[in-house]
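Please consult the sequence and the structure as each point is raised.

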Amino acid sequence: MTIIQVFDPAMCCSSGVCGVNIEPQLLQFSADADWARLNGVQLERYNLAQQPMAFADNVQVKRFLERSGADSLPLILVDGEIALAGRYPQRAELARWAGVAMADTSAPAAGSCCGGKTC
């Protein structure tokens, strides 16, 4: 099973809803992470402010921070290898890394109010 680890910058919460400035990309990633977990993906998140030892104990993460600094977070590892840094992955990236099929959302579901008719 694929393990996706997300090393977040220091923040008060992982949802993006804390404080007065709501960060849309963080809010979207929180929803995407929930989606991934609901689809059986093992996704772990670590917050630099709340779990600093997770950063210090991981050789890849420690080297990354020494080289690039905390301003370069988030850092995403897939099976222990760096897959992405500096931004949060999109749902399609999470699905590809974990081998999870994404549902086709381009057409309305059969029987929905817009299924071939005007809403």
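Q: Which residues of the largest nonpolar core touch the most other members?
A: This is a predicted model, in which local features need pLDDT of at least 70 and side-chain atom pairs count only at pLDDT 80 or more, while totals for chains, interfaces and linings use all residues. Residues are numbered from 1 along each chain as its sequence is written, and side-chain values use heavy atoms, with hydrogens and water left out. A nonpolar core is a set of buried Ala, Val, Leu, Ile, Met, Phe, Trp, Tyr and Cys residues joined through side-chain atoms within 4.5 Å, where buried means under 20% relative accessible area with a 1.4 Å probe, protein chains only. Of the 18 residues in the largest such core, those touching the most other members are Ile4, Val6, Leu43, Ile76, Leu94 and Trp97.

Q: Which element gives the most to this core?
A: Helices (H or I, at least four residues) and strands (E, at least two) are DSSP runs, numbered from the N terminus. At least two residues of the core come from each of β1, α1, β3 and α4. With five residues, the element that gives the most is α1.

Q: Which residues of helix α4 are buried?
A: Helix α4 covers residues 91-98. The cover over its buried residues includes β1 (3-8), α1 (24-38), β2 (42-47), β3 (75-78) and β4 (81-85). The buried residues of α4 are Glu93, Leu94, Ala95 and Trp97.

Q: What is the bridge partner of valine 6 in β3?
A: β1 and β3 run antiparallel and are joined by four bridges. Within β3, the partner of valine 6 is isoleucine 76.

Q: How many aromatic pairs does the chain hold?
A: Rings of Phe, Tyr and Trp (its six-membered ring) pair if their centres lie within 6.5 Å; planes under 30 degrees apart count as stacked, over 60 as edge-to-face and the rest as tilted. By this rule the count is three.

Q: Why is the pair of phenylalanine 7 and phenylalanine 55 edge-to-face?
A: Phenylalanine 7 lies in strand β1 and phenylalanine 55 in helix α2 (residues 52-57), so the pair ties together parts that are 48 residues apart in sequence. Both residues are buried. The ring centres are 5.2 Å apart and the planes stand at 80 degrees, so the pair is edge-to-face.

Q: How far apart in sequence are the parts tied together by phenylalanine 29 and tyrosine 88?
A: The centres of these rings lie 4.9 Å apart and their planes are at 25 degrees, so the pair is stacked. Phenylalanine 29 belongs to helix α1 and tyrosine 88 to the loop between β4 and α4, so the parts tied together are separated in sequence by 59 residues.

Key:
Buried < 20%, exposed > 50% of the residue type's maximum accessible area, 1.4 Å probe, protein only. Contact = heavy atoms within 4.5 Å. Pairing = 2+ DSSP bridges.
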